[in-house]
Amino acid sequence: MCFAIKMALWIEYTFFNYNVKYSFVTVVVTAISIFAQQGSHILPKQIGGRLIFLNLLVLSILLYNYYTSSLVSSLLSSKPYSFTTIEELVESNLRAGIEFTPYAITYILQQQDDDAVRRLNSTKLYETGKPNYFSPRDGIALVKKGGFAYHTDAIRAYPLIAMTYEDDIICDLAQIDFVTPGYLGFMLQKNSQYSELMKISLTKMLSSGILDREKKFWNPRKPECVLSARVVAVGMKELALVYVIIVAGMVTSLLTLAVEMIWFRLLDNEDKYSRRKQFNSVTTFLSYQGDNDWLNGYNDNSPGYVLDTTCEAYKEILVNSSKRGKFRFTHRWLIIHHGNKSDYRTEIRDIFSGVELRADMDMHVAFSISSNHYNIFEIFKLGTGVDTTINRIGQFLEGTLHYCRNMLSFYESRKNLSGVLLRSGSTTNYSLETEDKFAEEYRNIKHKIFEKFDFISFLNLRSTHHFSYNLTLASAWYGNSSSGIDGGVAKLLHEKTLDISSAGGILRVGRMEFYDYLLPYFEFRTCYFFKNPGTLKPGTEVLKPFSLNTWYAVSGLALLISAAIKFAYFSANRFLNSNTRTSFFTSFLITISILAQQGSAMLPAHLGGRLIFMNLLILSILLYNYYTSSLVSSLLSSKPKVMSTVRELSESNLKKNDAFIQKLNRTKIYESGKPNFMSPEEGIAMVKKGGFAYHTDGETAYPLVARTFDQESICDLAEIDFVTPGVVGLSLQKRSEYTELFQISLTMMRVGGILKRDKDFWLPRKPECLLGSRVVSVGVNELFLVYLILFTGIIISLFILVIETVCFWWTNRNNVFNSFVN
């Protein structure tokens, strides 16, 4: 291509009598300038030459786009290189530390023949004659600062990393296995008689998912690198080759310039540069069961009571204990009674006549048969209107306790609540117990969704325990106090008018003292929904593509190249009889212009200066592509910043509805003396138009958003928590006799996936933003720093211009005065 351009220009000079003759170096610089998207100050006059330039321009834009696209995909998909072996760690400049654990010390001693382990121990783990032992918290903190490798096991490291590391640092975290990884398991004697039995049991646990459940619960997972929130910064390593090329090119250019000056002197100022020779020297280390004695069953952390009915005050003790809450499952009781052996049930009922019994009581009666023989009975009462349950569970004979084979557990013996009437309360009467009613409510799912979800959980409890219930409707869930006992369903529970709420209530710290909550499974949130107008904080995205060290290097190179250009023009003027002179500021302006892809109005007349320009053009296109690619990957992967606090919302230009906080109430919610109350449909429609924030719960908003918003609006949707989020669960009277029973049932539903199924069925999910179909718009926030630099520069320029004008006027005041007089 260069030869074709040179030929076209030569033909124009030779046959068309054009006065301008260009050297081959000038043609090469022109071609590189076009490839670097800088344009050309040379343009052939004839159609043939211009067609060559047209093909070169098309080629340059295709190569440029392929190069940029490939660089963007490389930055988006590739992961930074990290150490993978102990040898690389030893040879690196990282300091190292270790947690004092027996297995690690033993491993180091056992691997003395391993050269890498031995060198690691002697050069990094031991400094100044003492070992670098650190606690996990201190070691992980040093890793966060950088330049440090810390050895511990992942179970200790991962929770600390998740709590203390930001997303960018998590993405930069690397690890190297040190002690050879292995699996943990129970150990038995070799050829133990229990091996096969235990293997079968553990295999069943594995198949049913018990082991997997325990593993997920107890073993922390490695914190995930959220690549979509990461900005790929181009550092010194990525641009090392660029720096080598520019430095080598500048050295070559200066050497060429020196040779030119010497050659010029030797040839006695004769112009012999049209055919001169071309010089192109281009150079982680990280990683209740039976006991041997009856009384021993009460020998634990739970208070236990033994009462003999021969005590005259035993009835008074039982009545007072019941009133004081001592019959809950947390207190174990043993009543010793010597009575009529033929009618033990009547006598046991007489013992507890006038005593309020509970469903969850852990009460046993040892009925004496002889001095060394007792029948053991379990006593409880499932509820009002139901007879007391008396179950024989075993006998105590000659010092040994024998349980009945058909003895049921606490849960199974109390599971069937048939005949028990529970008094429930709610704010709404739901009809979900027939298929038709259920289908009707599901069609109207958009209203009070989370309450219906909790009512389904209540119906699941009813299906499990077969109790009946009545319903009391209240005007609210809670009163206005922090505990809520001054109104609503909560007041009826506190006054023991109700046994249970048939739909969920939000668990708060101030309410724990007054109610029991059953396995809160759903998080309730109310938010302000709005289309994100952007935060009020200025953005610095224009600086993120390059690391701080890279910006320093680019600034230094710009100054160095400016000095080289200045020197080239000075040498040409002083030694090569050139008439062009430039100041250092002009040279710096030329450098910035080329780096900014704006080209240059000046071109040195000699080979050395043109080589400097050629290297500057190569540097500019490489820096420009790296900068553009990193910025594109940042815009494609990162999410726009949104307002996250009510304070930011109140200070924004958004209109709002609903009233809770004074500032919002005074400035946003009340307009023209009336509050901005509106239905969810109206509010979400206003949010879609923009410039409006609407307060409601997510379960109400999400279906409306999914039906009415397009993808771009969904991606722009932001939300701020207003009422403090809280988990929701069914609530009972404080210390209710059914708390433990229902808690077990709901836990079994959770393990069995029933709660998750109902949650997925009833509770809508937040509509997903498909980032792949979104156009990222660059707003004022992202370009704030650009505008700041521009206006600051204009102000400084005008200030300098005023100074220059004043100085010029003062220096030439006499001439100006005479001109004015004339």
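This is a predicted model: local features need pLDDT of at least 70, side-chain atom pairs count only at pLDDT 80 or more; totals for chains, interfaces and linings use all residues.
Reader: In which helix do Asp 115 and Arg 118 both lie?
Author: Asp 115 and Arg 118 form a salt bridge whose closest N and O atoms are 2.9 Å apart. Asp 115 is partly exposed at a relative accessible area of 38%, and Arg 118 is partly exposed at 36%. The two residues are three places apart, about one turn of the helix, and the helix that holds both, spanning residues 115–125, is α6.

Reader: How many residues apart in sequence are the parts that the pair of Asp 362 and Arg 332 ties together?
Author: The side chains of Asp 362 and Arg 332 meet in a salt bridge, at 3.3 Å from N to O. Asp 362 belongs to strand β7 (residues 362–370) and Arg 332 to strand β6 (residues 332–337), so the pair ties together parts whose separation in sequence is 30 residues.

Reader: Are Asp 362 and Arg 332 buried or exposed, and what holds for Asp 360 and Arg 358?
Author: A residue counts as buried when its relative accessible area is under 20%, and Asp 362 and Arg 332 are both in that class. Asp 360 forms a salt bridge with Arg 358, with the closest N and O atoms 2.8 Å apart. For Asp 360 and Arg 358 too, the class is buried.

Reader: Which residues are linked with Arg 525 in a network of salt bridges?
Author: Side chains of opposite charge can pair when their charged atoms come close. In the network that includes Arg 525, the linked residues are Glu 719, Asp 721 and Lys 766.

Reader: Why is the pair of Phe 217 and Trp 218 edge-to-face?
Author: A pair of aromatic rings is described by the distance of the centres and the angle of the planes. Among the 18 aromatic pairs counted, the rings of Phe 217 and Trp 218 have centres 5.1 Å apart and planes at 80°. Planes over 60 degrees apart count as edge-to-face, so the pair is given that name because of its angle of 80°.

Reader: Are Phe 217 and Trp 218 buried or exposed?
Author: The cut-off for an exposed residue is a relative accessible area over 50%. Phe 217 has 61% and Trp 218 has 60%, so Trp 218 counts as exposed, and the class of Phe 217 is likewise exposed.

Reader: Which residues do ring pairs link into a cluster with Phe 455?
Author: The cluster is held by ring pairs, and two rings pair if their centres lie within 6.5 Å. Together with Phe 455, its members are Phe 458, Phe 467, Tyr 469, Tyr 738 and Phe 742.

Reader: Which helix supplies the largest share of the nonpolar patch?
Author: The surface patch has an area of about 960 Å², and its residues include Phe 186, Tyr 194, Met 198 and Ile 210. Ile 210 is found in helix α11 and counts as partly exposed at 34% relative accessibility. Helices α10 (195–208) and α11 (210–218) each supply at least two residues, but the largest share, five residues, comes from α10.

Reader: Within what arc do the buried residues of helix α7 fall?
Author: In helix α7 (residues 136–145), the buried residues are Pro 136, Gly 139, Ile 140 and Val 143. Seen down the axis of α7, they line one face of the helix, because they fall within an arc of 95°.

Reader: Which exposed residues does the face of α7 turned away from its buried side carry?
Author: The buried side of α7 includes Ile 140 and Val 143. The face turned away from that side carries the exposed residues Arg 137 and Lys 145.

Terms used: Residues are numbered from 1 along each chain as its sequence is written. Side-chain values use heavy atoms; hydrogens and water are left out. Rings of Phe, Tyr and Trp (its six-membered ring) pair if their centres lie within 6.5 Å; planes under 30 degrees apart count as stacked, over 60 as edge-to-face and the rest as tilted. Buried means under 20% relative accessible area, exposed over 50%, partly exposed in between (1.4 Å probe, protein chains only). A salt bridge is a side-chain nitrogen of Lys or Arg within 4 Å of a carboxyl oxygen of Asp or Glu. Helices (H or I, at least four residues) and strands (E, at least two) are DSSP runs, numbered from the N terminus. Patches are made of residues with over 30% relative accessible area and no salt bridge: like charges are joined within 9 Å, nonpolar side chains (Val, Leu, Ile, Met, Phe, Trp, Tyr) within 5 Å. Accessible areas come from the Shrake-Rupley method with a 1.4 Å probe; for residues, only the protein chains shown count as cover. The arc is that of the directions from the helix axis to the C-beta atoms.
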